[in-house]
Amino acid sequence: MRISIKWLFGTLLLAQVPVAWSLGEDGLVLDGLSPEESGIAIFREADRRESGYQDLTVDLQMTLRNSRGAQSQRKLRIRQLEVPADGDKLLVIFDTPKPIRGTALLSYAHKVEPDDQWLYLPAAKRVKKITSRNKSGPFLSSEFAYEDLALQVVEKYSYRLLETEWVNGEEFVIVERVPVDEYSGYARQVVTLDVAELRIHHISYYDRRNNLLKTLEVDGYRKYANRYWKAQRMLMTNHQTGKSTELTWQNYAFATGLEDVRDFSTNSLRRSR
Amino acid sequence: MAGALQKRRGLVFVTLFYLLAGNIHADEQLVFGSFQNSQNATNWASRVGLLLDIGVAVERMEDADGVWYRVVTAVLTDPAAEKVKRVASANQLRYWNITEANTTVVASVANPQAPVRNVPAVRPAESLSEANVQNTGQGRERIRSVDLDLGIETRTFFESGKDGQSRFHPALSLQMDLYRSWDNEQQSFTFAPFYRFDAEDSERTHFDVRELFWSRVGNDWDLHLGVRQVFWGVTEFSHLVDIVNQTDLVENIDREEKLGQPMAHLSVIRDWGILDIHLLTGFRERTFPGRDGRLRPAVEIDPDHATYESAAEELRTDGVIRWSHRLGPMEFGLYQFSGTSRDPEFQLVPLPDGEFVLRPHYPVIDQTGFDAQAIFGDWAWKIEAINRTGFGDRYYAYNAGFERTLVGVMGSRTDLGLVVEYLYDERQEEAFNTLFEHDLAVGTRWNLNDVNDSQALLGVIWDVETDEYIVKLEASRRLGDTWTLLIEGRAFGGADEPDNIFDSLFDPDAKSAAVQDDDFIQLELTRYF
């Protein structure tokens, strides 16, 4: 199969590759790569296309539904900083429900070591470091685990390209990824991305016993800053409990001038509003 | 010097830009705002450039109002300009069209110092980025918020008090939080008043300014002036190192509720850690339950006649400097405090009518405090330690232990934490200001991870030598989106029955004797507005 190479040489190979496979000007060509190499090449390229944003801010609304259809909502604000040498940094501020208003989460993603995470509890004025072991636990009692919403770092999984398929004239790749971390709640995930822009459309999550646990559907992609594709809607369905959580992303802004130390330290966590 | 250099570099950039831009006689040139500060213009230009994926330049110009730096695109051909406008609109960027671009722009490049009055500067200039920020609802916005929490509480004791105090103690509380930020969130103002009404204990009815301060935030420093709350510490069952704020003891005997402390606080962040310098301007006396209150010593406390070691009494300025840092999986803090002790000593004073009262006396102490926490997988190892002089003989005390988190116990969503801590005080039975001198604490923390954020902590602190114990329960859950229910309970036991009132004050085996009948369950409903 095709999609190949280190994208470093992409521009050189571009001329020889069929148009459908010249994924952007830097090209991702998988010719001659094993399924494992192809998988990692796809996610490296997807990661590269998300890079360069400097920082971003976005508003997130979560709608939790149980199997009887009862709803509960949470509103959050997210600030994210690109850290080229390591994983990115993330600050999440909770706005509703009101009893948890002002609670905030600071996370430093790392490529190899476990992420660092701190929670700020406004009533106690206390910053609490939390164990990264919690990663498989639910985020704000939703169907998303911490690790599902954590900043995705390519090195945290091993990959294998399973197949490609055409749907309605659009080509997709299906890649299996296996978490490296022993504390992950998943045995594996199966991810569907479109070939044209390497956007994730679907993920199946398999629990530690390798049973299908959850599926994520992603849609409403919009291009921001003439460059970054961001989804407006994500729906996570837990097939073992019938519960679901819908995420609505709004008001994306890029390169807003956030600063590493000023906006992403435990000091800033303490004063986040 | 540096400024001049930067301007010159800007000039070269502008000149090059127009040389490269090519078709000077084309159709349109767009301005994305003008600034009086060149740095603001440069920052804005890099953002606009990134968003639009085109080159933009900063151009210096003057008009009757002075010097302006405006962010401009190259002169664009019709289709290119249309595309830029489309993307700009999609990103909610405002722009202006320069009319008669050819002549004026060329003039400004040829002689950039000359006033170019026929090119309108865009105003209000400085507020452009702020306006945009508000439009897109992004991070560095101006925030104004008013929050109000109303609490309805009832403490029910299992028995009447030793002095006949009531079993039922209803109370109300009101907590407000006003916050306002401006200057791109680099300055803010916070005001958080608190009021408690207790139907039984008039000493518990009180008002306090929890916070009232102004903050200024720099790139690697924070400055806060005013009344604030600062918490330090990592352990669960006692808070040894926490020293900045006075304990609001009538609120809760776990010493987690604090009175507002006036201070000037500077925090600087460096590669080698965070340095916090606090000047504590003025002292707050601890609150104590009154005659009709529960959870108090057998002898009434008379806080109105507190005495001080310092001649300045409550006006003494205290200081504390703390260094905190992260090393791999460990974080730690080390501080030195010098000032009036938050813990009082007590003097037993006879009154003319033959009764006795306890009068708080606040000595001046020096205290070194250390706290550290290291996380390995699901284990968190914790220690808090202090070394104090000026409070009787020099002594040290520590609280050390671990918390192990079991995620999703027995296939459920519930996280279970096991907490084990050992609390030690070098003074042993002479440690009159604490119940925890050789105590083992064991607790379980339950986090149900349900829609209502239900959680609970159940623990017991057991004195391994005297067999006194305290059982502690704290549980909470939300009721819908605006209410929470908090349940707290304590049970005391194991203390020797004192022969007389002095025994209950001085017998090391009966330190908790006075509260043996004070087991209680407290329900608190809070409405959040």
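Trainee: Which elements do the buried residues of α3(B) pack against?

Mentor: Packing here rests on contacts, meaning C-beta atoms, placed from the backbone, within 7 Å. The buried residues of α3(B) pack against β1 (30–35), α2 (38–52) and β3 (66–73) of chain B. This is a predicted model, where local features need pLDDT of at least 70, side-chain atom pairs count only at pLDDT 80 or more, and totals for chains, interfaces and linings use all residues. Residues are numbered from 1 along each chain as its sequence is written, with chains lettered from A and ligands numbered from 1 in the order in which they are written.

Trainee: Which residues in α3(B) are buried?

Mentor: Buried means 20 or more other C-beta atoms within 10 Å of a residue's own, exposed means 12 or fewer, and partly exposed is in between; C-beta atoms are placed from the backbone. In α3(B), B:A81, B:V84 and B:A88 are buried. Seen down the helix axis, the buried residues fall within an arc of 65° (taken from the directions from the axis to the C-beta atoms), so they line one face of α3(B). The face turned away from that buried side carries the exposed B:D78, B:P79, B:R86 and B:S89.

Trainee: And the backbone: where does A:P97 lie?

Mentor: Most peptide bonds are trans, and most residues other than glycine have a negative phi. The bond from A:T96 to A:P97 is cis, with omega near 0°. A:P97 lies in the loop between β5 (89–96) and β6 (104–108) of chain A; strands are DSSP runs (E, at least two residues), helices too (H or I, at least four), numbered from the N terminus.

Trainee: What is phi of B:D467?

Mentor: Near 65°, a positive value in a residue other than glycine. B:D467 is exposed, with 12 other C-beta atoms within 10 Å.

How values were computed: Two residues are in contact if their C-beta atoms, placed from the backbone, lie within 7 Å.
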